[in-house]
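User: I am new to this structure and would like to know what stands behind the terms used for it. Please take me through some of them.

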Amino acid sequence: MTALRRHRALDATWSSRPGFRGWFSTVNHSDLGRMFLATSFFFFLVGGILAMLIRAQLATADSAFAGPEIYSQIFTMHGTIMMFLFAIPTFEGLAIYLLPKMLGTRDLAFPRLTAYGYWCYAFGGTMLLVSLLLGIAPDGGWFMYPPLTGAIYSPGINTDFWLIGITFVEISAICAAVEFTVSILKYRAPGMSLDKMPIFAWYALVTSLMILTGFPPLILGSILLEVERAFGLPFFQADLGGDSLLWQHLFWLFGHPEVYIIFLPAAGVISTILPVMARTTLLGYGWIVASAVALAFLSFGLWVHHMFTTGIPHMGLAFFSAASTLVAVPTGVQVFAWIGTLWKGRPELHLPMLHLLGFLFTFVIGGLTGVMVAVVPFDWQAHDTAFITAHLHYVLFGGFVFPILAGIYYWLPLFTGRTRFFKLGEMAFVLIFLGFHGTFLAMHWVGLMGQRRRIDTYDVETGWSTINLISSVSSFIMAIGLAMVLVDIILHVYVALRGRRDPWKSGTLEWAMMAPPPAYNFASLPRVTSRAPLPDISGLANRLARGEGYLGNRPAVRRETLAVDISSGQPDYLVVYPGNTALPIVFAAVTGLFFLSLLIKFYWLTPLAVLGMMVLALVWVWRLGAREDSGLQEIGHGDRVPMAGETSRSPGWWGSAFLLVANGTFFGSLLFGYAFLWTVAPGWPPSQWLEPSVAETIAVTGGALVAVGAMRIAARHNRRGGRGLSSTVIALMGTLAVAAAIATMLHRMPSAGSHAYAATLFVLGSYVLFHAILCALMQANLFARIVAGYTSPHRRAEFAIVALWADYLAVIAAIGVAAAQIPGMLA
Amino acid sequence: MRDLLRILAPLVLWLASFSAIYGLHGLGCAQGWAQITLGPLTLFRSMMIAAWLFALLAQFALLWGTRTWPFGPQGGFAGRTGMLTGWAAVVATLWTLQPVMTTTSCA
C-alpha cells in the first residue's frame, strides 16, 4: 500500500465527523487539545479584562470606578479564572495535543474520557461566567475563606457558584490526570523505555500525579463548605465543634501544590525548547527528572506557609518554613541545568527563546521573593499585602505565561503547518516584558509600604498614588502586548505561508508527521532507540508514513495502537479505541444537571440526574470489549501481542488504579479533617457519641472480606474455564451487606447538624455507602457481561478491575467503621 | 512500575514522615505533653526527637533497601535517579524536621 492510500484509509477511520457536528462527537486528542486551548485562552482573555478593571480601580486614590461589592466579584473572578479556567486547562490542552505525538502513539489512553473532561470544563466554566454576567459572581476571594463565605456572612448564591462550579471543573482535571498518567506509562512507541521518554512527558507525569493527590483535598473542602451552607452541617462553625482553619488546611493542601502543578508543565516546555534553541541536548536529564520529582513532593510539605499568621505554634511554623526554603534547591538545580544547556550550546535568538529569557529573568526574581516570604518574621510583615500579590504574579506569570508563549510560538508550525511571516511577536514580547515588570515591580514596593491586597480604594494621604498609577499604566502596556500576540496568531493561522516539516530541526517525535498532524498521528509506530529519534533514524517520518513501523501491516478498519511495558517500553498488548460518539457530551451535560440542581436548589432533580449518570455510565462500559477471543495479534517486526481485554492489567485496570489514588487521597483528607477537628477545634467532645454496634462492625468487615475473597475466586474460576457467575453473586451479596450495615449506622447516628463530630461521621458513612453502591453496580454489570458472553478464560480484564474496586471498598469500609465505632467504645 | 517506585519511594516516605510528625506535634500540644517532664527533656520533645530519628533511620533503610530486593540490582537510569531522590529525601528529613531540636514546643 502506498503512503497516500494508507493515509486515506487511516484518515477515514480516525477522523471526526465533518462540520460543527464533529465538535460534539469527536474523541480525537488533536481536536480536543485544540478545543481545550481555544477555550482556556478565551478564559485568559476574560481574566485579563478583569485584571484591567482591577488596575483601573486602583490607578488613582479614592476611585469611584467600581463599588466594593462589584470590585470583590472582579478580583475573586480574576484569580479563579486564571487559576482554574486558564492555567490548569492550558496544561491539559497542550498535553492532550502533544503527548501522544511526542510519545509516538496515536491517541491518549481513554479518548472518551478526554472528551468528557473537556465538556465538564466547558460547562463548569460557563456556569461561572454566567454568574459574572448576572452580577452574582463569587466575591469571597479566590481562596474562599470561611467564616466569611459561610451561610451567615455570605447568604447569597455567589459562593455556591464557586464551590459547585469549581468542583465541576475539577472533574476535568482529575480525568486528564488519570488519562496522562496511564498514557505516559503505557502508551509509548515500542522501545521507548523510561530513560528515553521526552522530558516533557516526565514533567507531565509528575504534574498528573500531583493533580491526583493535590486536587482531592479541595474537592473535599468544597463539598463540606457547600453542605454546610446548604444543609447546615457545621464543619467550619466554631460554636458547633467546627473550625474555619480546617478550610485553610484543606484549601492550601491543594493550593500550594497547585503553584507547582502550574509551573512544572511550563518547566517541561522549557526543557523541551531550550536545547533546540541552543542547538544542543539537555544538560542533566536524570538530575532534572529527580529535581522535578523532589519539587513535586516538597511542594506538598509547604501548605502551612500560607497560614503563618493563624497562631500555629512556632515548631509547626518552623517545619513549613524549613520546607519552603528547601524547595528552592530542586528549582535551582533545574535553573542551573537550563543555564548549563545554554552554555554548552550555540543559542539562537528566535522568538520562543526571547520568551524563555523573559521566563528566566522573571521567575528567578519570583523565586527569591518566595524565599523571603518563606521566612516567618518577614511573612508576618508582608502577609496579605500587595507584596504577596506581586510575588505570586512573578512566579505564575514568569513561571507559566512566558514559557507557554514560548511553547505556542515553538509549536505553532506544527499546529498550522505554516511558517511565521509577520514579526508582531517580537514587538509584543517587548511590551509584555516591560509592562509586566512595570506592573509588578511597583506592586512589591507599594506592598512594602503597607498596601493590603484586595482593597478597593485608598486615601491620597497614603502616598501610594504614583506607584499605583505606574503599575496601572504598565499593566495596560502588558495587555496591549498580549493582544498583539493574539493578532499575530490569528494572522498566522489564516494568512501565513505553508512551511516545511520540523522547522526547528528538533529531535522529538511530534515533528515526525505531517503538519498539521493527521487524526491518527503516525501511519505506523516508530521503534525508538534514543531520546532524539528524528536525527538518529534517517528518513524516519517518510518510513513511518510508508508503514515500515509497528502496526503498518494492520488493516485500517479500527482505531488501533500499542501499549508497552512501563519500564522497558517493549510491546505489551494491542488496544482498540472507541470511535466518535456524543456520549461524553451527553454525560457531561447530565453531570452538569446534577451540579445545577444543587446550585439552584432544585433537589427533586438531583436523583434524576444521578440516575441519568448511572445509566450513561453503564452504556459507556457496555460498549467496550468483545464477545470472541482474538488471540495473539501480528503487530509487525515479527512481534505478536494479545488484545488489551485479554490481559489482567488492561488500560481500565491502570485507569482505576490511578483514580483510586485520587480517591484514597480524598478519603485520607476526610480522616485528616476528622482528626484535626477532634484535636484542635473548640467545642469537643460532642455531647453524644455514636453507640458502638458489634453487629454493624461484623457486617461491614465480614461483607467486605467476602466481596474481596469471592471476586478473587470468580477471577480464578474464569481463568480455569468456568464463568465465575456464582462467585460474582456472592461478592455482590457481600458488598450489599456492607451497604446495608453502613445505611443502618447512618440512620442511627446523632443528628448531623448537631455537631461537627456527627457531621463528619455522616460524610464518612456516606462516602463508604457510595462506594459500596458503586461496587455493587460494577459487580452486577460484570454478572450481566458474563451472561452476555463478554468474558472467557482469555478475556479476563474485567474481573481484575472489579476486584480492585472491591479491595478499595474493603479498606475504606474497615477504616470507616473503625473511625465511627471506636470513639463510642472508648467513651 | 518498580523503576518508578524506586524513584518515588524515598520522597513518599519523607512526605509521610513529615505529615505524621506534624500530626504528632498537634496531638502532643493538645494532650499537654509539653508539661510532662521526662529526665532532662519533656515528653513532647522526647517523642518528637524519637520520631525524627525514626524517620531518618527509615530513610537510610530505604536507601539501602532500594539497592537490593525488591527493586533489583543498582545501576541504570532508575537506579541512578532513585539514588538522587533517596539522598534528596534524607536531606529533606534532616532539614525540614530539625525544628524538633531547635524551637519552642507549643508556644
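User: Leaving aside its neighbours within four places in sequence, which residues is L809(A) in contact with?

Analyst: This is a predicted model. In it, L809(A) is in contact with A704(A), A707(A), T735(A), V738(A), H771(A), A772(A) and C775(A), once neighbours within four places in sequence are left aside. Contact here requires C-beta atoms within 7 Å.

User: What makes a group of residues a nonpolar core, and how many residues has the largest?

Analyst: The members must be buried, belong to a set of residue types such as Ala, Val and Leu, and be joined through C-beta atoms within 7 Å. The largest such core has 308 residues, and L99(A), A292(A) and L809(A) have the most contacts inside it. Helix α8 of chain A, residues 244-277, gives the most to this core, with 22 residues.

User: Why are α15(A) and α16(A) called roughly antiparallel to each other?

Analyst: Helix α15 (residues 424-448) and helix α16 (residues 465-495) of chain A pack at an angle of about 155°, and their axes are 7 Å apart. Angles over 145 degrees count as roughly antiparallel, and α15(A) and α16(A) are therefore described that way. The crossing of α15(A) past α16(A) is left-handed. By class, their contact has 20 nonpolar, nine polar and one charged residues.

User: Which residues meet where α5(A) and α19(A) touch?

Analyst: From α5(A), the residues include W119(A), C120(A) and F123(A). Those they meet in α19(A) include L583(A), P584(A) and F587(A). The contact of α5(A) with α19(A) has eleven nonpolar, two polar and one charged residues.

User: How do you know whether D62(A) is buried or exposed?

Analyst: By counting: D62(A) has 9 other C-beta atoms within 10 Å. A residue with 12 or fewer is exposed, so D62(A) is exposed. D62(A) has a positive phi of about 50° although it is not a glycine. Its place is in the loop between α3 (29-58) and α4 (68-103) of chain A.

User: And what about N521(A): buried or exposed?

Analyst: N521(A) has 26 other C-beta atoms within 10 Å. The cut-off for a buried residue is 20 or more, so N521(A) is buried. N521(A) also has a positive phi, near 65°, and is a residue other than glycine. N521(A) lies in the loop between α16 and α17 of chain A.

User: How many residues does each chain bring to the contact between chains A and B?

Analyst: Chain B brings 34 residues and chain A brings 25 residues. On the side of chain B that touches chain A, α1(B) gives the most, with 14 residues. The residues of that side divide into 23 nonpolar, nine polar and two charged.

Key:
Residues are numbered from 1 along each chain as its sequence is written. Chains are lettered from A and ligands numbered from 1 in the order in which they are written. This is a predicted model: local features need pLDDT of at least 70, side-chain atom pairs count only at pLDDT 80 or more; totals for chains, interfaces and linings use all residues. Helices (H or I, at least four residues) and strands (E, at least two) are DSSP runs, numbered from the N terminus. Two residues are in contact if their C-beta atoms, placed from the backbone, lie within 7 Å. Ala, Val, Leu, Ile, Met, Phe, Trp, Tyr, Cys and Pro count as nonpolar, Asp, Glu, Lys and Arg as charged, and the others, Gly among them, as polar. Axes are lines fitted to C-alpha atoms, for helices over the stretch in contact, and angles run from 0 to 180 degrees between N-to-C directions. Angles under 35 degrees count as roughly parallel, over 145 as roughly antiparallel, 65 to 115 as roughly perpendicular and the rest as oblique. A crossing is left-handed if the near helix is turned anticlockwise from the far one by less than a right angle, and right-handed if clockwise.
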